Amino acid sequence: MSVRLTFPNLPPSSAPGTTRIWGMPDLPVKCPYPEVICSDEDGEYTEPMTFICQINCQDLAPYDTGNLLPHTGLLSFFAAIDPYLALGDNDAQGYNGIGEWSADMFRVIYSEDTSDLKTHQILNADGSPYGLKAEAISFEQVTADTDGFRMLGSPYYSEVTEQTDEDLLLLLQIDEEDRWNLSFYDCGMLCFLISRENLLARRFDQTRCYMHSF
C-alpha cells in the first residue's frame, strides 16, 4: 500500500498546521528554520533549506491503512534542492547529487504538538517571498511502487533500495514536475527513506535521503 500526493493547483488554508506543498512552513516555536551550509569562491555561508511540504497527519490517516505513520501531529520535509528548482545560487558548491545525501542536506521534522506553531516567512534580498507559492495536497491510495509524489511503499526506482544496507520504507518520494521547474537531472527522483523500526518509534531524525536518475 502506498499513498500518492496530487496537487489540484489550489491555495491551501492559511491556518497553522495545514497540509501544503511549498509556501511557508509551520514549526514549533523553539524549532529553528533548517539551513544548509554552502560555499563559493568567497567562502562558506548559510542558505535556508528549501521547504518542500508539511503533512497534517490527521489528513493522511484514512489512507494509512497499515497504521505506520502517526495519525496526529505535523510531518514536515526540507531539503537542499534549490539547484533542482532553479532557485538561489546555482553556482554554489556543496549541494548533493545522485546517491545518498549527507544528513546536513535534508531534514524531517515531526511536531506531535501543533498547538504552538510559528509560521516562518523567508524573504529574498528584494523582500519577495522565498520559494514557490503554497498549494494544497490531495491523497489517494495507489500500488506500492508507482512513480510520482508518494508516501509509504517502495521507491519507484529499485536501484534506490539496492543501495541501502537495510530494509527501508518510503517516507516521501519527490518526482520531477515541469510546472515547478523541478528536475533531478533526467527523470530523477528524491526519496526520503526510513526503517520500519524507526518509523514506528517516530525517530524521524534517522531518515535517510537518496537521489536516483537515469
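1. A cut-off to begin with: a residue is called buried when its relative accessible area is under 20%, and exposed when that value is over 50%. Please keep in mind that this is a predicted model.

2. Is S195 buried or exposed? Its relative accessibility is 8%, so S195 counts as buried. The residue belongs to strand β14, which covers residues 189–195.

3. What surrounds S195? Setting aside neighbours within four places in sequence, S195 is in contact with E166, D167 and L168.

4. Now to another strand, β7, made up of residues 74–79. Six of its six residues are buried, so β7 is largely enclosed by the rest of the structure.

5. Which residues of β7 point which way? L74, S76 and F78 point to one side, while L75, F77 and A79 point the other way, and all of them are buried.

6. Two pairings of β7 are worth a look in your viewer. With strand β6 (residues 50–56), β7 pairs in the antiparallel sense over six bridges; here F77 is the bridge partner of C53. With strand β9 (residues 106–111), β7 also pairs in the antiparallel sense, over six bridges. In that pairing, L74 stands opposite S111 of β9.

Methods. Residues numbered from 1 in each chain as written. Predicted model: local features only at pLDDT ≥ 70, side-chain atom pairs only at ≥ 80, totals over all residues. Heavy atoms only, no water. Helix = DSSP H or I, 4+ residues; strand = E, 2+ residues; numbered from the N terminus. Buried < 20%, exposed > 50% of the residue type's maximum accessible area, 1.4 Å probe, protein only. Contact = heavy atoms within 4.5 Å. Pairing = 2+ DSSP bridges.
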